[in-house]
Protein chains: 2
Amino acid sequence: MSRTRQLRLGAFMRPVSIHTGAWRYPGAYPDANFNFAHIKRFAQRLEAAKFDAFFMADHLAVLNLPMAALKRSHTVTSFEPFTLLSALAAVTERIGLVATASTSFEAPYHVARRFASLDHISGGRAGWNIVTTANPDAALNFGQDEQMDHGARYVRAREFFDVVTGLWDSFADDAFVRDVESGVYVDLERMHVLDHRGPNLSVRGPLNIARPVQGWPVVVQAGSSEPGRQLAAETAEVVFSAEASPEAARAFYADVKGRMARLGRDPDHLKILPAAFVVLGDSVAEAEAKRARLDALVHYDSGIGSLSGMLGTDVSGFDPDGPLPDIPETNASKSGRARMVALARAENLSIRQLAQKAGSYAGLAFVGTPASVADGMEDWLDSRACDGFNIMVPTLPEGLDDVVDRLVPELQRRGLFRRDYAGTTLRDHLGLPRPPNRFFA
Amino acid sequence: MSRTRQLRLGAFMRPVSIHTGAWRYPGAYPDANFNFAHIKRFAQRLEAAKFDAFFMADHLAVLNLPMAALKRSHTVTSFEPFTLLSALAAVTERIGLVATASTSFEAPYHVARRFASLDHISGGRAGWNIVTTANPDAALNFGQDEQMDHGARYVRAREFFDVVTGLWDSFADDAFVRDVESGVYVDLERMHVLDHRGPNLSVRGPLNIARPVQGWPVVVQAGSSEPGRQLAAETAEVVFSAEASPEAARAFYADVKGRMARLGRDPDHLKILPAAFVVLGDSVAEAEAKRARLDALVHYDSGIGSLSGMLGTDVSGFDPDGPLPDIPETNASKSGRARMVALARAENLSIRQLAQKAGSYAGLAFVGTPASVADGMEDWLDSRACDGFNIMVPTLPEGLDDVVDRLVPELQRRGLFRRDYAGTTLRDHLGLPRPPNRFFA
């Protein structure tokens, strides 16, 4: 069975899963945060299932939770993404490797260099998830007393993107001639000195590494605010979106791809992959019971902590059984806040109920049999709500085994997902063109 | 044969070797700068030979050479160290992995995190080569028009070291209790918030990763200036020194170890490993011919470029056949300059002769048979000129094969080098204690 559009599948990973209760689930590896052997096996499983990409979430601080929640959290201490994905590059062959790097607290020269290096080491499998850092605790780890405001963060992000991609283009693809006879290693006519001097950044260049295998590592973005959508339409090749309903997802899809068309970009050169929490069972009821069992492992303090983090406001002092009061806008990420407020209003939830959902997983979830989940994914794909999904498994290793052994074969049977990789690079998997070098033909 | 002191051996690597002519040598891999498969094999060869550590040199800019030399250089474009060593960690099991990270242009939170992560990924094999960046071209890549002066760089380096090690101590070794029953993942009584506010750096902490396997990754230092020696005596556990004569090496060894004793540190807790260029042959004459053949592949422009870089002054306009004029002190690294000036005066060299040596290798070299080289190394060890060596091979793969297949067995036969690893961490290999946590018993 052949289809013109197939799903693109990323795996959004934390070493013990993204669910705050997962480390207490039977069979879990609570120590996976610092145990490379486990993560290596997870990545190899995803590669055997032909996933497009392994995506590692990241934080730049510990203290983005109240202490009562922090002590229960396995998600805020873990490996650093560049080191982890580079190690995974050496023990995998095809799967894409997407690392988060913040434009708020990094130097673009380092970021450009590390992604270029990862792309060379992996043979063209690197992706850069561009984030601006909303966590005020992170600012304090980087010598800043105040977080930059939301708008300023995005202005810097855009300039940062221009500098990093400009550095990647420092050398033409054919610059390294390595002519043993004449002794010329690199043709300097094919090297460009960027000499960027902008409002936020000043970077001379050139980058001290050859142009990445993919030209540029794949550019990934996740913001859903107005400036986030605009940055995505201008620069992104993958968007990890967070819309939980098909209607909202279709509207987001149409909006971002419409912006691209107006900017003169081919809308097909951006893949929109909503985050999707996938729980599988032999029956829908069994899958729901599995989820309920997992959610019950989340302590109330953890739920309140997660909710406070998403809202950007500490709500632990509010009446647990009262409604969510009006929460002021803060400098925190706007997407998490908007999602939780909408959910509270739509379902008339108490703080306790909302905290339960925040600590569990409050976004898009497919909970059911391999066939029913595949049905849901097919609907989303065919109704242009997405180009695929960024899958989150509820537990490790069980939830991952379920996806790999049960869901993926069902998707393959329907022609919704590849049976093997057709190419070698992450761009090949995603069907994205290799960007031309802006300085050299 | 058992000896109380054995050699510690590091390998100081560039992907195509550190010699500027090496990429033109018969059998070389000129593309190894961007070919991970080659470097993986080199690291595995060194591990099979039981080397203590694989050490990756680094630069933070391309343009530290005049253009006429740059186009002939394979050494200034390559992999980035964190990504490369993390990838190597996944395909090796015992060898130490030492990365260079500059205190001049990095945030200490990132540096602490990446080394901690590499230490967890590798099972305790990470080492941090602390450098201050002398290259003015690097400053321009990080938004600074002027390089910090030499003294200020070292003041910042010391504060940076205190912050990074303080961040590594954020969690007690037993902080992560992961009690599934009670739902407590981490004991926050065993977490320390650094809250550093110093003249150069302001970093709150804690680090968002468990304490490294080794407590701290091994601290490596290479400067030989007065502040460099003092920093080493205060902080370093390995020094990559650069003294070329046994007399100078013995004086350096006594000086640094004496400073340690005065500071109350056990002098045995610092291993001094001079850089040593090793060329092997069936006879001394054959080894010398091999070296001459390699040196002849260095173009004059490359030699002048290397010399200019080491002196911190462009000498390409001077009379090639005249003597080296007085070169003013600059903000560049003092060790390279001092070495070249001393060499020029001691041997009455013309600029051309000095450039030939700078572009080739001007420091300590052991050129001979396995037996004669082992004799030399034994003399250095026994006369307290060193605790081992940081070996540089002239060519790859041939020069590495010679060291692994011919020199190492000779050293082992004499009881000068281990036949197998006794432990699993880099600290184990080097005989260094695991540092206590400064905040927790």
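Visitor: Which residues is A:Asp58 in contact with, once neighbours within four places in sequence are left aside?

Guide: A:Arg14, A:Pro81, A:Thr100 and B:Arg113, where contact means heavy atoms within 4.5 Å. Bear in mind that this is a predicted model, where local features need pLDDT of at least 70, side-chain atom pairs need 80 or more, and totals for chains, interfaces and linings use all residues; side-chain values use heavy atoms, without hydrogens or water. Residues count from 1 along each chain as its sequence is written, with chains lettered from A and ligands numbered from 1 in written order.

Visitor: What makes the pair A:Asp58 and B:Arg113 a polar contact?

Guide: Their side chains come to 2.5 Å. The term asks for a pair of N or O atoms within 3.5 Å; within protein, one must be able to donate a hydrogen and the other to accept it, and residues adjacent in sequence count only through side-chain atoms on both sides.

Visitor: Why is A:Asp58 called partly exposed, and A:Tyr154 buried?

Guide: A:Asp58 has 21% relative accessibility, so it counts as partly exposed. A:Tyr154 has 11%, so that one counts as buried. Buried is under 20% relative accessible area, exposed over 50%, partly exposed in between (1.4 Å probe, protein chains only).

Visitor: How do you know that the two copies are related as by a two-fold rotation axis?

Guide: Chain B can be laid on chain A by a turn of 180° and a shift of 0.0 Å along the axis, with an RMSD of 0.0 Å. The copies are therefore related as by a two-fold rotation axis.

Visitor: Why say they meet through the same surface?

Guide: Because 100% of chain B's interface residues are also interface residues in chain A.

Key
Copies are superposed by least squares on the C-alpha atoms of residues with pLDDT of at least 70 in both.
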